[in-house]
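Visitor: I would like a close look at one part of this protein. Please keep it brisk.

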Amino acid sequence: MNYEVIMNTIEKSVMTVNKRSFIYLFCSVSFLAAQAQGPRVTVKDAKGLPFLSEQDGRRYQSIQLSLENAGDSLPVTVQVKGAPDLVIGVGSGSRDIEVLAPEVKKPATVAYTVKSGGAVVASGKVDLQPVRKMTIYILPHSHNDIGYTEIQTNVERKQMNNLLKGIDYAERTRDYPAGARFVWNLEGVYAADLFLHRMNAQQQQRFIAAVKDGGVALNGMYVNTLTGLCRPEELLQLFHRSREVAALADTTVDAAMISDVPGYTWGTVTAMAQAGIKYFSAAPNYFDRIGDILQQWEDKPFYWVSPSGNEKVLVWIPYKGYALSHGMPEGLTKKFVGDYIAELKHKNFNYDISYIRWSGHGDNAVPDPSICDFVKHWNTNYTWPKFIISSTSTAFRAFEKRYGSELPQEKGDWTGYWEDGAASSAFETAENRATSSRMSQAEALWVMKGATAFPADSDRDAWKNVILYSEHTWGADVSITRPLSQKTMEQWIIKKSYATQADSLSLGLVQGALASADGSAVENAIDVYNTNSWPRTGLVLVPRELSTAGDVVKDANGQIIASQRLSTGELAFLIKNVAPYAAQRFWIGPGAASEGSNAAVKIDTHSLDNGIVHVGIDGTTGVINSLKRQGIDNEFVDTDSSGGLNDYLFLQGNKLSEVQRNGPVKITVKEQGPVLAELSIESQAPGVVSLVREVRLVKGADHVEITDILDKLPAELDPHPGDYPWANLHGKESLNIGFPFHVGAGEMRLDIPLAIMQPEKDQIPGSCKNWLEVGNWADVSNKDYGVTWVSLDAPLVEVGGITATLLGGQSNPAVWRKHIEPTQKLYSWALNNHWETNYRAYQVGLITFRYALQPHGVYDAVASTKLSTGMVQPLIVVPASGAAQVTSKLQLSSQRLVVLSLRPSLDGKAYMVTLYNPGGQAESTELKWAGAVGAASYSNTGEERLAPVTGPITVAAQDVVTVRMERQ
């Protein structure tokens, strides 16, 4: 029937009917008109939802119908066979409604009908799949960015307030149904540490009670650290404070969180094992400069196996890393649940336990208690999926209990992507690396001197500052777009202060240990301390202020030792076989040092030779063009490559064709004498005011030392502050120092914290391959000979070529290097400002990079470790006092092991010994102490007494063992 005809009929009839008749006629015709137009309600889409509920003892799963109502509001009845009818009002427009269908045990098709006024207005069928009985754990936390969006001091206050709110929300929801109570996960123990130091006693007790009660959960890492930057002891210290805090609350910590940071050094597994941590929730940034880490590992839990193979941690990257909730201002919703379950299915996630992070709505966000009411409501209305708000440990433990035996295992380095930013502040990075090594020396001195008043608080503060420098937040979010803004400058001042304070505290610990000795000063005498676990032979450099009496050096027997006054004012001589954890005494008296005519090292402006090592220098470029070792028929420099060793390669932008080298060099003999010889190679160079490269060879030494001193010019800064496109790609620079080695069929190995790895072979999927981190040394060796390269200051390397050329933001996984071919070319990536945010836009002034090269016979990881450790932990020269400490405080019966750390326990009752085996097979040792000691126990990061030591201590290859030795 035509609607226009109907209306014409009404107009003609209105003149002949009364009011009541008109109304009746209008309604009747309107109904006819509606019928003529068809149903008002249509079903645009129908799909099964992965939700299961229970009513009157029966289970139903959900169907979502997307309805479209073209008319006014009206009631409809939706019917599905075997399920209760749903009667619901449908307003004008679009609406999704949820209806029930009987649970299906296998895929099935279910029919539905939609009725209005008793008439069927729509019908159809929907395919249903069995509902997975999923348990989804929610881990609430706040991502700790210590700086970046605001100054670090504000972040500290925020995170302490977050902890207070977390405690409050946990208390308020204590009586909520199981799984709905609020649990505040401390992402790192940093906030707890601040809280315990700054809040009053009542607040501290409230915090401890909340931890015991389960409302606050501790996670073992101190902060979100760039683990590849850590020296070994720093990596162990990263988990130390959590053990102390846990002890206060009489609880244990077996889980750790890290957020934002993509990639983690292999030794992290070992460090976690030492701290009793079994579970690792890794949640990297969702898009920027992360390579393909999410493509490889998002929601693919696995066991990460330690370098020794004896330990493992369960690692799991959750959906969208840590930032899932940042893009969900509306909070958790039914739609999210459906989408999330669908996402897991799409990724072939075959487990019925999952977890998500809930970090609020931004970095350093406040706790979000809305999830409690969501979970309370959800778990009341649905049987599956089930939500549980929990700690990291609770979620991972439940998953492991059910699926642990099914999980894959991966063994290798998970090379980090963000450590590259540390080269934007190379001076401070080198300072912090030196401090970390000095801390180990300082702690050893306190044991050697037998002092009882070990300043544990200063020790803890020093390590805290070392770790805070390695924390991932370097500076302001506008550090590149607005590098001179107040925000950027203030945040950098604080970031830099972490390294500066740590340096100062470590020096104070060294001085405090030495000052604790009994006895008066010995005139014109010095003591030289060996703080390592093996005998030391090598160069001693006496500062000018400790050698004013003259240039003659005598040993304890009165024998004159060859000495040499250097151009720096230092007095140099050689020392032999200083016992482990002991000292030798020397007297300095009037007279002249030996003249250069009896030099032990042959030197001219193009070569040095001490009879063991020969070094050749190119007279035009200043590179090392020859490196040879007596008794080995090999030239260790790849002479087929352009350049040579210690080649200065400066790159503005990322076009490798535009790499620049230094200009012509001036080479002079800086030092020549009976102890050492040294060449100074000066030149102009791009990116710097001047470049000085020093090459030193010592009498009897089997390695050559290199010092590169740059007077750095600042990089070009954003000419239009705030211009992100410019800051993203322009003003970029990097310095690569080339070391192309020649070792036939040689394989490359890198020392990393608590491990040794081979590029490519020992990297798990998702690792960074454009650059890699290095601890103290790298080595290229074949079965007969090789060369060890030591880097004291710079922690980044490229292998095979200059491959660190990704500028600014990088969100495309495809652009990252996917494979490392076998190579003998190594490049120290010394400087860069490649990031578009967070890291420094420029650096300026004097920056030093020190290296060493040791040609050798058969590869020996223990020898390389001792060489490099000896260089980063040099012999300590101090004014002599009291009796000379010539007897070793501690000796190992095996020289195939090294002591990473010898220090007083924090309770003052014991000595803590951390043993490390760099070698390829298990080694055993006994600990031989000077003086009486008590019982020995195997221990851990928490310094606990575990099993008693009842014989030789065995340390597996590339493993760590901690021993607690009670004092008497």
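Is C768 buried or exposed? And what surrounds that answer?

Guide: C768 is buried, with 0% relative accessibility. Buried means under 20% relative accessible area, exposed means over 50%, and partly exposed lies in between, with a 1.4 Å probe and protein chains only. This is a predicted model, where local features need pLDDT of at least 70, side-chain atom pairs count only at pLDDT 80 or more, and totals for chains, interfaces and linings use all residues. Residues are numbered from 1 along each chain as its sequence is written, and side-chain values use heavy atoms, with hydrogens and water left out.

Now the sulfur of C768. The closest cysteine sulfur is in C230, 17 Å away, so the two are too far apart for a bond. A disulfide is a covalent bond between the sulfur atoms of two cysteines. Here it is counted as a pair of cysteine sulfur atoms within 2.5 Å. Across the whole structure, the search finds zero disulfides. C372 is another buried cysteine, at 1% relative accessibility.

Step back to the chain. It has 968 residues, and 60% of them count as buried. Its secondary structure comes to 17 helices and 51 strands. These are DSSP runs: H or I of at least four residues for helices, E of at least two for strands, numbered from the N terminus. Take the contacts (heavy atoms within 4.5 Å) between residues at least 6 apart in sequence: 75% join residues at least 24 apart. Along its principal axes, the C-alpha trace spans about 140 × 65 × 50 Å.
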